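Thank you for sending this model over for a second look. My comments are set out as numbered points, to be read beside the sequence and the coordinates.

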Amino acid sequence: MCFRPPNVSKPTRCSCGTLNPPSAPKCRKCGAPLAAAEIETFTCPRCGTQSPVTAAACGNCGLTAEEAAAYKNPED
Ligand SMILES: [Zn+2]
Ligand SMILES: [Zn+2]
């Protein structure tokens, strides 16, 4: 009924409001890059903040993606 594949192709809406094909790297109207709209995020294991993987560090506490991967149980 509500089956939705995780990678379903949906139009990407630019910040200008234009709908672009999912594969379009740029808005066809204003030319703004669209990749940022679907940027991958990681959740900081220390503070729980979601940050783009490209940020390389938590935007809240500064934990790096590398540290986040190694960060498991602080009590260990
Ligand atoms: Zn646009
Ligand atoms: Zn954090």
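1. Basis of the note. The model is predicted, so that local features need pLDDT of at least 70 and side-chain atom pairs count only at pLDDT 80 or more, whereas totals for chains, interfaces and linings use all residues. Residues are numbered from 1 along each chain as its sequence is written, chains are lettered from A and ligands numbered from 1 in the order in which they are written, and side-chain values use heavy atoms, with hydrogens and water left out.

2. Confidence. The protein has a mean pLDDT of 79, with 76% of its residues at 70 or more; pLDDT is the predictor's confidence in each residue, from 0 to 100. Among the elements, the highest mean, 92, belongs to strand β2 (residues 19-20), and the lowest, 77, to helix α1 (residues 65-70).

3. Layout. One helix and four strands make up the secondary structure, in the order β-β-β-β-α from the N terminus; the elements are DSSP runs numbered from the N terminus, helices being H or I of at least four residues and strands E of at least two. Of the 76 residues, 17% count as buried, where buried means under 20% relative accessible area, exposed over 50% and partly exposed in between, with a 1.4 Å probe and protein chains only. Among contacts between residues at least 6 apart in sequence, 6% join residues at least 24 apart, a contact being heavy atoms within 4.5 Å.

4. Donors are N, O and S atoms within 2.8 Å of the metal (3.2 Å for Na, K and Ca), and sites may look incomplete because water is not among the atoms. C27 is buried at a relative accessible area of 5%, whereas C30, at 45%, is partly exposed.

5. The zinc ion (ligand 2). Here the protein donors are the SG atoms of C44, C47, C58 and C61, lying 2.2 to 2.3 Å from the ion, with the sequence spacing C-x2-C-x10-C-x2-C. The angles subtended by the four donor atoms run from 99 to 122 degrees, which makes this arrangement tetrahedral. C44 is buried at 2% relative accessible area and C58 is buried at 5%, while C61 counts as partly exposed at 29%.

6. The structure holds zero disulfides, a disulfide being a pair of cysteine sulfur atoms within 2.5 Å.

7. Asn20. N20 lies in strand β2 and is buried, with a relative accessible area of 1%. Its side chain reaches the backbone oxygen of T18 at 3.1 Å, and a polar atom of the N20 side chain lies 2.7 Å from the backbone nitrogen of R28.

8. Ser9. S9 sits in the segment before β1 (12-13) and counts as exposed at 57% relative accessibility. S9 and P21 are twelve residues apart in sequence, with 8.5 Å between their C-alpha atoms.

Terms used. Four donors count as tetrahedral if all angles lie between 85 and 135 degrees; four count as square planar and six as octahedral if opposite donors are over 155 degrees apart and all others between 65 and 115; anything else is irregular. A polar contact is a pair of N or O atoms within 3.5 Å; within protein, one must be able to donate a hydrogen and the other to accept it, and residues adjacent in sequence count only if both atoms are side-chain atoms.
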